[in-house]
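Hi,

Here is the structure I promised to pass on. Have a look at it first, and then read on for what turned up.

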Amino acid sequence: MIGWLVGLIVFFLLVVYCGVPVLWTRILHLSSRRYANRPGNVALTFDDGPHPEYTPRLLDVLKACGVQATFFVIVEHALKYPEIVERMKAEGHEVQVHGERHLFVPFLHPMLTYRQCVGASRALQERFGVLANVYRPTWGACNLATLLLLPRFEMHMLLWSVMVGDWRRTEPRELVRRVSEKLSDRAVIVLHDSDWSYGAERGAPLQVIAAIPEIVQAVRERGYNFVLASECV
Ligand SMILES: [Zn+2]
């Protein structure tokens with residue numbers, strides 16, 4: 001009987017700590033944002049980098065297109081490739097927080113959860129002098145500790161409104177079609193500039209990079225301006 005009771009309590013606590021926050025942010029869209037603040041704006045964002053092969057190529061393409069984007073970086077990679085982060089900054093892009101490492105947050109205890117958001121933000125601030133106060137949890141999944149920590153440390157969660165499965169190798173034309181189909185006013189587009197995360201197909205970012213000029217064109221054809229993550233929270 002006691003075993004059952006303990007099991008029930010543990011299950012209830014797990015649901016409250018791991019399950020409810022994911023529903024809260026992803027389904028109910030509470031304590032998180034997924035659109036730009038003002039009409040006529042669209043945010044282009046990239047998760048999981050920096051990657052030594054893909055990110056510099058992506059930066060070349062963004063430069064050629066004259067577009068500023070937001071990079072939600074993994075701190076572990078950012079510290080390994082600081083020159084790429086410095087280049088992002090120098091070229092007017094924004095550097096924000098995706099995590100210390102690419103971990104599944106719902107099952108992390110509060111201290112590790114802190115390191116994924118607040119700790120990661122502080123590490124980026126100390127190393128690169130950026131105000132990294134926008135957090136996009138890895139796989140878009142958080143826990144109760146995340147929801148309590150973010151407001152306390154004046155951080156904001158930004159998810160997305162356009163996601164197109166670009167972590168699988170997909171023809172650039174098909175990526176453009178999917179983005180165009182989901183594109184709306186104030187959209188936040190998420191793409192990926194690394195294939196190191198679990199579930200990503202090797203080489204997928206090359207297709208993303210090839211699709212960027214046409215994605216940029218699609219956004220501009222609708223009359224939207226590009227804004228950064230800090231203009232969405
Ligand atoms: Zn990610």
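A cut-off to start with: a residue is called buried under 20% relative accessible area, exposed over 50%, and partly exposed in between. Arg33 has a relative accessible area of 33%, so it is partly exposed. Please keep in mind that this is a predicted model.

While we are at Arg33, its place is the loop between helix H1 (2-27) and strand E1. Beyond its neighbours within four places in sequence, Arg33 is in contact with Met157, Leu158, Leu159, Cys232 and Val233.

Now the metal site. The zinc ion has Asp48 (OD), His98 (NE2) and His102 (NE2) as its protein donors, at 2.0 to 2.1 Å. Along the chain these donor residues follow the spacing D-x49-H-x3-H. Asp48 sits in the loop between strand E1 (41-47) and helix H2 (54-65), and His102 in the loop between strand E3 (94-99) and helix H5 (110-128), so this pair ties together parts that are 54 residues apart in sequence. Asp48 counts as buried because its relative accessibility is 5%.

The loop between E1 and H2 also holds Pro50. The peptide bond that joins Gly49 and Pro50 is cis, with omega at about -5°.

Trp139, in the loop between strand E4 (134-135) and helix H6 (144-152), has a positive phi near 55° without being a glycine. At 37% relative accessibility, Trp139 is partly exposed. Arg186 is not a glycine either, yet its phi is positive at about 70°. This residue belongs to the loop between helix H7 (172-182) and strand E7 (188-192), and with a relative accessible area of 28% Arg186 is partly exposed.

The largest nonpolar core has 71 residues, among which Phe46 and Leu124 touch the most other members. Helix H8 (residues 204-221) gives this core its largest share, seven residues.

Methods:
Residues are numbered from 1 along each chain as its sequence is written. This is a predicted model: local features need pLDDT of at least 70, side-chain atom pairs count only at pLDDT 80 or more; totals for chains, interfaces and linings use all residues. Side-chain values use heavy atoms; hydrogens and water are left out. Donors are N, O and S atoms within 2.8 Å of the metal (3.2 Å for Na, K and Ca); water is not among the atoms, so sites may look incomplete. Helices (H or I, at least four residues) and strands (E, at least two) are DSSP runs, numbered from the N terminus. Buried means under 20% relative accessible area, exposed over 50%, partly exposed in between (1.4 Å probe, protein chains only). A nonpolar core is a set of buried Ala, Val, Leu, Ile, Met, Phe, Trp, Tyr and Cys residues joined through side-chain atoms within 4.5 Å. Contact means heavy atoms within 4.5 Å.
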